[in-house]
Every structure is written in C-alpha cells, then in structure tokens.
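Visitor: I would like to learn how to read a structure feature by feature. Could you show me the model and walk me through it?

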Amino acid sequence: MAAAPAAAGAGASRGRQSAATAAAWGGWGGRPRPGNILLQLRQGQLTGRGLVRAVQFTETFLTERDKLSKWSGIPQLLLKLHATSHLHSDFIECQNILKLLVEILMRPTISIRGQKLKMSDEMSKDCLSILYNTCVCTEGVTKRLAEKNDFVIFLFTLMTSKKTFLQTATLIEDILGVKKEMIRLDEVPNLSSLVSNFDQQQLANFCRILAVTISEMDTGNDDKHTLLAKNAQQKKSLSLGPSAAEINQAALLSIPGFVERLCKLATRKVSESTGTASFLQELEEWYTWLDNALVLDALMRVASEESEHSQASTVSPPVGTSGDNALPHTSARTQLPQSMKIMHEIMYKLEVLYVLCVLLMGRQRNQVHRMIAEFKLIPGLNNLFDKLIWRKHSASALVLHGHNQNCDCSPDITLKIQFLRLLQSFSDHHENKYLLLNNQELNELSAISLKANIPEVEAVLNTDRSLVCDGKRGLLTRLLQVMKKEPAESSFRFWQARAVESFLRGTTSYADQMFLLKRGLLEHILYCIVDSECKSRDVLQSYFDLLGELMKFNVDAFKRFNKYINTDAKFQVFLKQINSSLVDSNMLVRCVTLSLDRFENQVDMKVAEVLSECRLLAYISQVPTQMSFLFRLINIIHVQTLTQENVSCLNTSLVILMLARRKERLPLYLRLLQRMEHSKKYPGFLLNNFHNLLRFWQQHYLHKDKDSTCLENSSCISFSYWKETVSILLNPDRQSPSALVSYIEEPYMDIDRDFTEE
C-alpha cells in the first residue's frame with residue numbers, strides 16, 4: 001500500500017470464492033439445513049453449485065421457456081458454455097459464447113409496461129454474474145474484456161440500478177486490475193449524476209474502483225523508480241499533457257459534494273452506518289467482500305464469536321414452525337452482528353481514506369486540503385481514534401489464519417496504516433497541520449513561543465479554531481501515546497514515525513519541537529534506537545529522520561540527548577546504528593552538522609555549555625569524522641541508482657561542503673577526498689562519480705520548484721547558495737582550487753559520461 005503503497009483492499013485476489021463462502025456459512029453455525037429453502041437458494045448463489053442442475057434440463061425445454069419468458073437465449077448459451085468449459089474444450093468457442101453474453105448485456109432487454117420502456121435489471125444481473133464467475137474460473141477472459149474499452153465504460157452505466165450495482169462494481173474492479181491502459185472517468189456518461197445518486201454504501205464500494213483509476217500506474221520495474229527514469233517520464237508527460245490518473249482526479253473533484261461525502265463516510269460512527277437495509281441486503285453487501293480471503297477470515301472469527309455468545313439466548317421457534325425452515329431466531333434474523341458491522345465499516349473506511357490520501361498528493365492538493373479542513377475530517381477521525389481506528393480488541397480477533405499479530409494484511413491493521421499515511425500526506429509541508437491539535441494544545445504552542453521570546457508561528461495564528469480537534473487530546477497527541485506503547489517489533493512504528501515527522505517538516509519551528517519534546521518523544525526514539533537495538537532498516541530510517549527534525553537547531557533537544565546518552569557505552573551503540581547504514585541515518589547526520597554550524601556562530605552561555613558537553617556535537621565537529629561521512633556518502637550512490645530515498649545522501653554531502661565553503665575550507669576538504677581515494681587504491685573513482693552526481697543534481701533540481709523549496713526550508717541555506725556551490729565544484733578550470741577537476745589526475749579523468757543513456 002504503502003506505496004505510496006497500492007490501494008489497501010482494492011483489486012484483491014479472487015480465486016478462493018467457493019471455499020471462502022462455504023467457510024463463511026460454517027461461521028454461521030455450519031452448512032445450511034436441507035429444509036431451509038431460503039438458505040438453499042442463497043447457498044446456490046454463493047457457491048454456484050445450484051447451477052449444476054440447470055444442465056440436466058433438455059435443450060427443447062429451455063428453448064420453450066426462453067420463448068415464454070423472453071430470456072434472450074441466455075439458457076441455451078449457458079448450456080453451451082457449460083459444454084465448452086471443461087478441460088481440453090474449445091476455448092475459442094467459449095470466448096464466442098461470452099461475446100454473445102456481452103452483446104446481450106449491452107443491448108438493454110426491455111419489456112412494455114403501459115407506455116414506459118424499462119430495462120430488465122434481473123437479466124443484466126444474471127449476465128454480470130455469468131461474466132464474473134467466468135473471469136474467476138477461466139484464464140484470459142478478464143484480459144479480453146479489459147481490451148474492450150467501450151464495454152468497460154458501458155459497465156459504469158449499469159451502476160445506476162441498485163439491483164445490479166454490486167455485481168457491476170465487482171466485475172469492473174477485476175477488469176481494471178488487468179487493464180493495461182487506465183480508463184478516463186470523464187468518458188463515463190453522466191458521471192457527476194451517477195456518483196451523486198449513489199447512497200453512502202454504494203459510494204464506499206465505488207471507492208474500490210476509484211483506487212485503481214486515480215493512482216498512477218506502476219509497471220513494477222525497479223528501474224522506473226530511479227530519478228533518471230522519473231525525470232525522463234516527467235519530460236514525456238509534459239509533452240503528452242496530464243495523465244489519465246490526473247484527469248480522473250480532476251473529474252471527481254468537479255462533482256459537487258464528492259469530497260464532503262467522502263469525509264462523512266470516513267468519520268461516521270458504526271451506529272450511524274445502520275440504515276434500512278434488510279438482513280439479506282446486508283448479507284449481499286458482505287458477499288462482495290468474501291472473495292478477499294483475509295476479510296473472510298476475520299468474518300469467520302467475529303461471526304463465530306457472536307454466534308457462541310447468542311446461543312444461550314436463542315428463542316425457540318413458534319409452534320407450528322419448523323426449526324429447519326426458519327431463520328435463526330436471534331439478532332441475526334434482522335441484522336448482521338455488531339462485530340461484523342464494525343469489520344464492514346473498517347473495510348469501507350480504508351478504501352475511502354486511500355482515495356482521500358491520493359487526492360491529497362495530487363495536482364489539486366491545496367483545493368483538497370481546503371475541503372478536507374472545511375468538512376472537519378481531522379476532528380472526525382480524532383473522535384473515532386479510540387473506538388474504531390486504534391480500538392482495543394482481543395488477540396483472537398486480530399490474528400488471522402497463517403498470520404501473526406503484527407501482519408500488515410488484516411483489515412484492522414490495513415486501516416491503521418492507511419490512517420497514518422493520510423496523516424503524513426495531510427501534515428507534510430502544509431500549515432493545516434495544526435488542525436491535528438485542539439484549542440488547549442494550540443494555546444500551549446503560543447505559550448512556548450512567548451516563553452522563548454520568539455515570534456509566534458504565523459500558521460498557528462491563522463488556524464481556524466472552529467476546525468481543530470475537540471476533546472481532551474488532539475490527534476497528534478493521541479498518536480504519540482499509542483506510538484510510545486507500540487511493541488518493539490511492530491510494523492506500525494515506521495508509519496507512526498513518518499506521520500509525526502511530517503508534522504515537523506518544512507521551516508523549523510522551535511515551538512513544534514518543544515511541544516513534542518515535552519511529551520517524551522526524544523527519549524522514546526533513543527530507547528528504540530539504543531536500548532531496544534532495533535534491527536528493522538525501515539523503522540531505523542524513519543526514527544533517524546524524525547530525530548533529526550526534532551533536534552535540528554534546538555539546544556534543549558541536544559541537552560536532552562546528552563542526558564539520555566550518558567555513557568560511552570550507550571554512545572557507541574548509537575554510533576554503531578548510525579554507521580551501519582548511512583542511507584538510513586544521513587538525514588540525522590545532516591541535521592546535526594547544520595546545528596553544529598549554527599551553534600558555533602552563536603554567543604550564548606546555554607549554547608556554549610551544550611557544545612562543551614554533548615558527545616554527538618563533539619563527534620561531528622571533528623574533521624576526520626566529517627571526511628569519513630563525506631567519502632562514504634558519495635561512494636554509496638551513483639547517478640544510475642539514485643532514487644527518491646537515497647538522493648538525500650547527495651544533498652547531505654553537499655551540506656558538508658557548503659559549510660566548509662563558508663569557512664573557506666572547501667579546497668582542504670577536496671584535497672582530503674583526493675588523499676582518501678589514493679589510500680583506497682582507486683584514484684579518480686570517487687571524484688569522477690561526484691562530478692557526475694553534481695551534473696545530475698543540476699538537471700534534477702534546477703527545474704523543480706518544490707524540491708528546491710524543500711532543500712532551502714530544511715537547511716536554512718538559500719537555494720542560490722546551493723546552486724553557486726555546485727557551479728563552483730563543476731568549474732572546468734583546472735586552476736581553480738575549489739573545482740573537482742583540479743583534484744582528478746588527467747589519466748583518471750572521466751567526467752563527460754552521458755549517464756542518461758546507461
């Protein structure tokens with residue numbers, strides 16, 4: 001999902017339906033009893049076993065019934081489809097029959113009622129069920145249907161009817177999952193009217209389709225994730241115009257009330273989701289989720305628990321009513337168990353949150369931000385935090401067959417991750433991040449600024465207090481509380497740290513840092529890095545990044561660090577974690593280096609005390625330490641392997657050299673790099689590589705406003721100084737003491753390589 005991961009829950013594998021549905025019925029107390037007609041019919045619908053009897057009818061009988069009931073030849077086609085669907089059958093004949101069924105589906109079957117013409121929903125529903133089950137059972141059918149763009153667009157029009165909505169949505173989702181080219185929603189007839197007429201449950205189901213249509217398609221090739229490939233793709237996209245995903249996002253945002261309805265879906269309570277739907281209607285909704293084996297597993301557990309709980313209070317059937325022919329006389333007779341409703345709501349919410357998250361990262365980000373704030377998504381999620389998003393549940397409800405408590409696959413866990421991804425996107429470099437606090441916490445930020453005698457953050461002053469969180473704690477504080485309680489091996493740690501770090505990104509705010517420091521965040525991070533000796537590279541990277549943002553330019557944070565890392569043994573463990581992977585820890589190295597430079601230029605007793613006592617600052621201040629970091633940072637990256645993740649190593653190496661340039665020590669650092677090259681018996685290798693990296697840096701950053709702004713805000717170094725330093729280093733004059741070429745001997749010179757073609 002991550003991914004951003006892919007849409008959580010969308011496009012799930014659908015090959016386990018028969019076993020899944022049989023198990024689901026088992027969760028309701030075993031196989032349906034033979035005497036119960038209603039349950040037998042439903043069992044036949046779910047498993048498909050009832051269709052076996054259809055082939056026992058003679059073709060003559062089916063032809064006669066077809067004439068009477070005007071079934072458009074579907075029974076005979078089913079008979080032929082059955083005959084051609086066995087092993088070693090004629091696959092081409094099977095495809096031809098399916099083609100006829102598609103044509104029937106696209107040719108509205110009508111019957112005259114008075115003077116009105118009405119499409120037969122039942123006929124469409126049957127065709128859709130046949131197509132879907134054939135897609136599940138027969139390889140290649142889904143791909144063939146996906147090639148017919150007019151058919152895919154037509155399917156959207158069938159969602160206007162509630163009777164055919166679920167079957168249509170399920171078939172569309174499967175088809176879009178294998179379609180090579182993304183469809184354009186603006187080609188769907190009357191899209192705005194279609195979506196506006198959906199009820200809330202339909203809209204939630206529709207989000208499963210939207211998850212595919214608004215996400216940029218990923219080829220799955222790792223090379224496409226390199227910055228070289230991304231830059232080439234961006235140049236290509238500029239000439240082609242907006243992508244299909246961007247067009248689809250714009251189409252959705254143009255629908256009146258669309259984002260507002262998503263926010264209501266995301267924040268509604270389980271009690272509010274209970275409408276007037278009958279038991280069978282609710283069960284049919286569940287049927288669409290059963291082909292996700294993980295959801296089924298959760299359903300089996302909660303249904304079994306609910307069943308066991310209600311057995312003692314089961315009422316005997318009325319006199320004259322057969323127990324076999326009646327529905328169980330429990331709460332399940334009129335509604336699904338509450339635990340199942342909770343799981344249902346969780347599945348809805350994770351799809352809705354994914355759509356909102358993608359929209360937040362799109363071209364219309366500011367528009368979406370305004371609407372999400374206006375419709376109070378954040379306060380609504382805050383109210384759901386304890387009871388639904390991070391609800392307490394038994395271990396049996398959490399652990400699924402074949403999985404463990406920390407598996408990322410269950411609906412409960414997927415919802416948490418999707419929620420954290422949304423918070424990360426919402427907070428990242430945007431002043432609306434202060435909506436994550438409540439009024440009391442906003443006042444606390446103001447008090448911190450007042451006590452430190454610094455100007456209050458303008459974004460805090462501009463925050464609309466009517467849109468912030470209510471209650472005793474805001475959403476950020478709630479997140480910190482569960483973060484500190486998370487088990488050491490939990491996969492949530494990565495996403496929690498990313499969400500909190502996004503709150504700190506951008507221009508450094510002393511008040512924001514102190515707000516988090518006062519809640520023990522720094523000590524928690526250091527405990528995880530040092531005392532628990534975390535082994536996960538992803539979690540370590542997220543914690544190092546968060547620690548860097550928390551400590552940058554903050555004297556109080558460095559004092560707290562020194563108080564916690566109070567022995568040489570602890571400090572050596574900390575250094576071991578940093579040095580074990582610079583790709584993961586380089587952002588912390590950058591923040592400490594920048595802080596050291598600022599502190600050294602300040603005349604303040606408190607700062608002087610920290611400089612003299614802090615082990616970390618003393619370590620980073622040594623030139624050999626800086627040179628060791630610089631050499632390794634340049635050596636572990638190459639133009640062809642640069643990604644959004646490791647390009648930070650290049651920028652950290654530039655920060656070290658920019659600060660050296662400020663002190664007029666740039667030639668010294670370049671000369672030391674040259675000596676280190678020779679000591680490693682690879683003269684020219686490092687500096688040639690750095691030259692190529694800087695050439696790429698110019699291509700990449702000089703045309704991207706957002707990235708350059710981020711560099712400037714995070715380092716407090718003007719972007720013009722970044723550009724000047726790179727230009728000085730790339731100066732072709734071999735007489736320049738600050739040019740890289742001056743330190744590459746002629747026989748080893750290799751600086752004109754065309755890396756774009758490698």
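Guide: Gladly, starting with secondary structure: helices (H or I, at least four residues) and strands (E, at least two) are DSSP runs, numbered from the N terminus. Here the protein has 39 helices and two strands. This is a predicted model, in which local features need pLDDT of at least 70 and side-chain atom pairs count only at pLDDT 80 or more, while totals for chains, interfaces and linings use all residues. Residues are numbered from 1 along each chain as its sequence is written, and side-chain values use heavy atoms, with hydrogens and water left out.

Visitor: What share of the residues is buried?

Guide: Buried means under 20% relative accessible area, exposed over 50%, and partly exposed in between (1.4 Å probe, protein chains only). Of the 758 residues in the protein, 52% are buried.

Visitor: Which residues have the most contacts inside the largest nonpolar core?

Guide: In soluble globular proteins, nonpolar side chains tend to be buried together. A nonpolar core is a set of buried Ala, Val, Leu, Ile, Met, Phe, Trp, Tyr and Cys residues joined through side-chain atoms within 4.5 Å. The largest one here has 206 residues, and those with the most contacts inside it are Phe-156, Met-159, Phe-258, Phe-419, Phe-574 and Leu-616. Helix α17 (residues 338-360) supplies the largest share of this core, 14 residues. Take Leu-616 as an example: leaving aside residues up to four places away in sequence, Leu-616 touches Met-551, Phe-558, Phe-561, Phe-571, Phe-574 and Val-592 (contact means heavy atoms within 4.5 Å).

Visitor: How many salt bridges does a search of the whole structure find?

Guide: A salt bridge is a side-chain nitrogen of Lys or Arg within 4 Å of a carboxyl oxygen of Asp or Glu. The search finds 24 of them. In one, the side chains of Arg-268 and Glu-345 meet at 2.6 Å, N to O. This pair links distant parts of the chain, 77 residues apart: Arg-268 is in the loop between α14 (258-267) and α15 (279-287), and Glu-345 is in helix α17.

Visitor: Are Arg-268 and Glu-345 buried or exposed?

Guide: Arg-268 counts as buried because its relative accessibility is 10%, and Glu-345 counts as buried at 1%.

Visitor: Where do Arg-498 and Glu-501 lie?

Guide: Both lie in helix α25, three residues apart, about one turn of the helix. Arg-498 is buried at 10% relative accessible area, and Glu-501 is buried at 6%. Salt bridges that share partners join Asp-428, Arg-498, Glu-501, Arg-505 and Asp-545 into one network.
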